[in-house]
Amino acid sequence: MADFETVEVTTDLLIIGGGMAACGAAVEAAHWAKKHNLKVTVVDKASMDRSGAVAMGLSALNQYVGMKAKGRSPEDYVRYVRNDLMGITRDDLVYDIGRHVDGSVHLFEKWGLPIWKDAEGNYVFEGPWQLMINGESYKVIVAEAAKNAMATLGDNGSIYERVFITEPLIDGDRVAGAVGFSVRENKFYVFKAKAVIAAMGGAVHVFKPRSTGEGLGRSWYPPFNTGSSTYFVLRAGGEMTCQEVRFIPVRFKDAYGPVGAWFLLFKSRATTALGGEYMVERRPELDNWAPYGLVKPIPANLRNYLMMLDTQEGKGPAYMRTEEAIAKIVDSVPDEKERKKKLKEVESEAWEDFLDMTISQALLWAGSNIAPEEKPSEIQACEPYFIGSHSGASGAWISGPEDLQNEKSKASYFWGYNGMCTVKGLFAAGDASGASSHKFSDGSHAEGRIRAKAALAYIVDNSAQPKVDSAQVEELKKQILKPLDLFQQYSGQTDSPDVNENYIKPRQFMFRLQKLMDEYAGGAATQFSTNKYYLEIGLDLLAFLKEDAEKLGAEDLNELMRCWENIHRMWQAEAHVRTVLFREETRWPGYYYRSDTPKMDDDNWKCFVNCKWDPKTEKWDVLKREIFPLVSENK
Ligand code: SFD
Ligand code: AMP
């Protein structure tokens, strides 16, 4: 076996991930851990300063309830989210984040994040719920605050960066920690913990991306998040929810630049090549998806769908009419001199929107001679992603807060600690927790704070350190490092180390996964359409892939990480295919379309579809869970 030192770390709370949710968790955990003299450990596969989805920065804080500033209540936010998700959402979870998110925003500002202000000193809103920021350094600022908070714990606080977590440790019905390996040195890590917060983000590159060759890593979602949260909770025996609710954003073509500022702040229209405004011309289609199709704003998946109908009819490409939007803003200024100033101002805001969060889009504009005030830019639906914090909903099924339950919901939505999965001591936040969409970066941070408080309360109540079986750890070490051994043993047999009958390299393995998902589970190749027959073949192909996962080969530590990333993706894929197959209706056209059950069926399917995998029997179970609305339809 490859020669790796085993490093054992014993802690009370283990926070896995270093993104928005994990940083929120670290800040709050430091506070409560100090009170109880407890240890907190954070582990990130990358460097917290620039890890996760906010690595490049962001240009907006997409969730601001504005309880004081706007006099709104979290109930208003619940209604918005529930409609956007076509009726499928956990009101208690969305409400809970909603009542804490403004606090995270105010903390960010205190820590130095520049939030746009108007002449009167009020926040500048991008849309009804979104605040504009100068966010290039957003992640650095949030990570710095998390690190500072952890530092106040002294020896009781530790941070491990560049350690990739592969597998949970379990003691009976309780989580006992996690194992992983350093991606820089030959070290195998065993983290023993009383409670664990899984905050490893969502997943990308499960489906074939539109980018190819050297551009492969350019996707909307960051290539570093590879389904580890889903894998971790599933392997611990936890129940997952909304695994069918993938997210497909519409983005500026090829470099995946954001559209929110264009639609909401600059009030741009989108049209297809033949000049039609699909959001206007196709409005009657929305009746077919009532009541959700008739709400404002129109749900994200239906906005996608109307565009896709146009492009499928051959009316594409679709364009963001940047030139028209800029002209309209500038023309509204009466004075000519002021108009020139306004033009410069809008131009710079347009470029900054990309430079703040998707620098490559600004490069593409520059490289293809696009001046947004002169000509429109192509927009396109991306490939599907798994992101429970944006307009998708996939993630762990977690307990809600007790005070928000009613008689009916309590038995289903509450089991003791806020945000705990169906496995004792295991918590999930951000993209890792499901059915609570539209929390975005700042809501994920707030959710992390909520989780840490509950996880530490759990530790105080359950203070015994769970048992970790050393034979099981040895076995895991062997399995996790196996790709290195396989490569070492067989790579000399062929001229090219990438082609070998005894192992499969992770890159090739990923291509196989992506091809089958693209073609059988409704990727871009099939215009996001699938049916029972395709899905069943997809499941068969996934079973073969799983067999071959035993033969993954890794040349070095980086490839070892790639091997495990792809195993994590494969499990995310299986959870998705099984759930799409189970839900016999189409509810989110624009995200996916079940061509054999093309209509929405509220009578039978206005429910959550959950799934789980039993670590003892290794069998999957897919099941329905009831929805209990806690917030009324109307004000
Ligand atoms: O508008 C392991 N998001 C936006 N949110 C906003 O508030 N405003 C915006 O402007 C946003 N835009 C946006 C957004 C996302 C993306 C990808 C783009 C643009 C291009 C959404 C937020 O970014 C998102 O909601 C949060 O980041 C979610 O937080 P969290 O903590 O759930 O995920 P993370 O931040 O990606 O962090 C994940 C961490 O896990 C680590 N990790 N660590 C150890 N072992 C493993 N196996 C691991 N696997 C992953 C990662 O390194 C990372 O630290 S807009 O365009 O939509
Ligand atoms: P995006 O850049 O598409 O991620 O959008 C950022 C925010 O704006 C998210 O809260 C979106 O739901 C919202 N948004 C984007 N486009 C629209 C639109 N056309 N109508 C309403 N909300 C939108």
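Strand β11 (residues 240-241) runs antiparallel to strand β20 (residues 608-613), and two bridges join them. M240 has C611 as its bridge partner in β20. The model is predicted.

The pairing belongs to an open sheet of four strands, ordered β16-β11-β20-β21, with antiparallel pairing. β16 (395-396) and β21 (620-625) are the edge strands, and each of them pairs on one side only. Six bridges tie β20 to β21, again antiparallel. One of the partner pairs here is N610 with L623 in β21. β20 and β21 also form a hairpin, with six residues between them. E618 lies in the turn and has a positive phi of about 60°.

How much of β20 is buried? Five of its six residues are, so the strand is largely enclosed by the rest of the structure.

## Helix α5

Helix α5 spans residues 228-235 and is mostly covered. Seven of its eight residues are buried. These are S228, S229, T230, Y231, F232, V233 and L234. G237 follows α5, and its phi is positive, near 90°.

## S104 in helix α3

S104 sits in helix α3 (residues 91-111). Is this residue buried or exposed? S104 has a relative accessible area of 0%, so it is buried; the cut-off for buried is under 20%.

Which residues does S104 touch, leaving aside those up to four places away in sequence? They are D442, H445, A446 and R449. With R449 there is also a polar contact between side chains, at 2.8 Å.

Side chains of opposite charge can pair when their charged atoms come close. The count for this model comes to 49 salt bridges.

One of them joins K505 and E559, with the closest N and O atoms 3.1 Å apart. This pair links distant parts of the chain. K505 is in the loop between α14 (470-490) and α15, while E559 is in helix α17 (residues 557-582), and 54 residues separate the two. Both K505 and E559 are buried.

K546 and E574 form another salt bridge, 3.0 Å from N to O. It too links distant parts of the chain: K546 is in helix α16 (residues 532-549), E574 is in helix α17, and they are 28 residues apart. The two ends differ in cover. K546 is partly exposed because its relative accessible area is 26%. E574 is buried, since its relative accessible area is 6%.

How far apart are R578 and E574 in helix α17? They are four residues apart, so about one helical turn separates them. R578 has a relative accessible area of 25%, so it counts as partly exposed.

A network of salt bridges that share partners joins E244, R583, E585, R587 and D602.

## F511 in helix α15

Helix α15 (residues 506-520) holds F511. F511 counts as partly exposed because its relative accessibility is 31%. F511 and L286 are 225 residues apart along the chain. Their C-alpha atoms are separated by 36 Å.

Which residues make the nonpolar surface patch of about 270 Å²? L355, I359 and L363 do. L363 lies in helix α11 (residues 359-367). Its relative accessibility is 59%, so L363 counts as exposed; the cut-off for exposed is over 50%.

Technical notes
Residues numbered from 1 in each chain as written. Chains lettered and ligands numbered in written order. Predicted model: local features only at pLDDT ≥ 70, side-chain atom pairs only at ≥ 80, totals over all residues. Heavy atoms only, no water. Patch = residues over 30% accessible without salt bridge, like charges linked within 9 Å, V, L, I, M, F, W, Y side chains within 5 Å. Areas by Shrake-Rupley, 256 points an atom, 1.4 Å probe, with all protein chains shown as cover. Salt bridge = Lys/Arg side-chain N within 4 Å of Asp/Glu carboxyl O. Buried < 20%, exposed > 50% of the residue type's maximum accessible area, 1.4 Å probe, protein only. Pairing = 2+ DSSP bridges. Polar contact = N/O pair within 3.5 Å; in protein donor to acceptor, adjacent residues only side chain to side chain. Contact = heavy atoms within 4.5 Å.
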